[in-house]
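Open the model in your viewer and keep the selection panel at hand.

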Amino acid sequence: MAGVLGGHQVVPVVVLDDPGRADDLGAALVAGGLPVAEATFRTPEAAAVLRRLAERSDLLVGAGTVITADQVDQAHDAGARFIVSPGLSTAVVRRAQELDLPVFPGVSSATEIIAALDLGLDTVKFFPAEANGGLPTIKALAAAFPQVRFVPTGGITADSAPSYLAHPAVSAVGGSWMVAPGLLAAGQWDEVTALRGDRRRLPAGLPHP
Ligand code: 3PG
């Protein structure tokens, strides 16, 4: 995923229900130094939000919370450049592979990692990361699967992100902490733009291009 994400190691997980706000969000993320977004299929307008974000050439936009093959098609049509799922669906993975879209299914067990390997994948989302034991669980899984890279997401914060990223099996972390749904709903774009200088939300030691 690191390669797919152009080296970005922090992926904002976006929940936005108003496509009319996507332009402001995209501009704020770029200005805030975090020009990447996983736009989640959690609202009726998700595909429209994704499409608006994907219109920006300076923002790398993927689709998140993709749980059906039909949503893979919708995401592809809307311009998504990668697919993220909370779980491992063979139908979702196969459809993404047919469309040449990088796909990162969620796993939380050795069995699911083996299923991902069977599908030809070597990078998976580890979800929900904190609820599944966080970094100690990743360390244990990485010992058994040295060929696998993880993108932990779920419950990660600005404080915990650097320790995840310090593990060599972790390619990137995802999270909504820096784009909290309340901020987006309130249109507080200056708060998103201020990320770059806000060490509580994007610590200086937290690597991102
Ligand atoms: C996801 O789908 O990746 C998570 O909901 C993001 O987790 P967070 O909101 O706890 O950061």
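**The open sheet**

Select β6, β7 and β8: these three strands make an open sheet, in the order β6-β7-β8, with parallel pairing. Its edge strands are β6 (106-107) and β8 (149-152), each of which pairs on one side only. Strands here are DSSP runs of E with at least two residues, helices are runs of H or I with at least four residues, and both are numbered from the N terminus. Two strands pair if DSSP finds at least two bridges between them.

This is a predicted model, in which local features need pLDDT of at least 70 and side-chain atom pairs count only at pLDDT 80 or more, while totals for chains, interfaces and linings use all residues. Residues are numbered from 1 along each chain as its sequence is written, and side-chain values use heavy atoms, with hydrogens and water left out.

Next, show β7 (residues 123-126) with β8: four bridges join the two, which run parallel. Pick Val124 and its bridge partner in β8, Phe150.

Move to β2 (residues 36-40). Five of its five residues are buried, so the strand is largely enclosed by the rest of the structure. Buried means under 20% relative accessible area, exposed over 50%, and partly exposed in between (1.4 Å probe, protein chains only). Val36, Glu38 and Thr40 cover one side, Ala37 and Ala39 the other.

Val13 stands opposite Glu38.

**Thr40**

Is Thr40 buried or exposed? At 3% relative accessibility, Thr40 counts as buried. A polar atom of its side chain lies 2.7 Å from the backbone oxygen of Val14. Contacts (heavy atoms within 4.5 Å) of Thr40, leaving aside residues up to four places away in sequence, are Val13, Val14, Val15, Ala46, Gly64 and Thr65.

**Helices α3 and α4**

Finally, select α3 (residues 69-78) and α4 (residues 90-98), whose axes come within 8 Å and cross at roughly 30 degrees. Axes are lines fitted to C-alpha atoms, for helices over the stretch in contact, and angles run from 0 to 180 degrees between N-to-C directions. Show Ala69, Val72 and Asp73 of α3, which meet Ala91, Val92, Arg95 and Ala96 of α4.

Technical notes:
A polar contact is a pair of N or O atoms within 3.5 Å; within protein, one must be able to donate a hydrogen and the other to accept it, and residues adjacent in sequence count only if both atoms are side-chain atoms.
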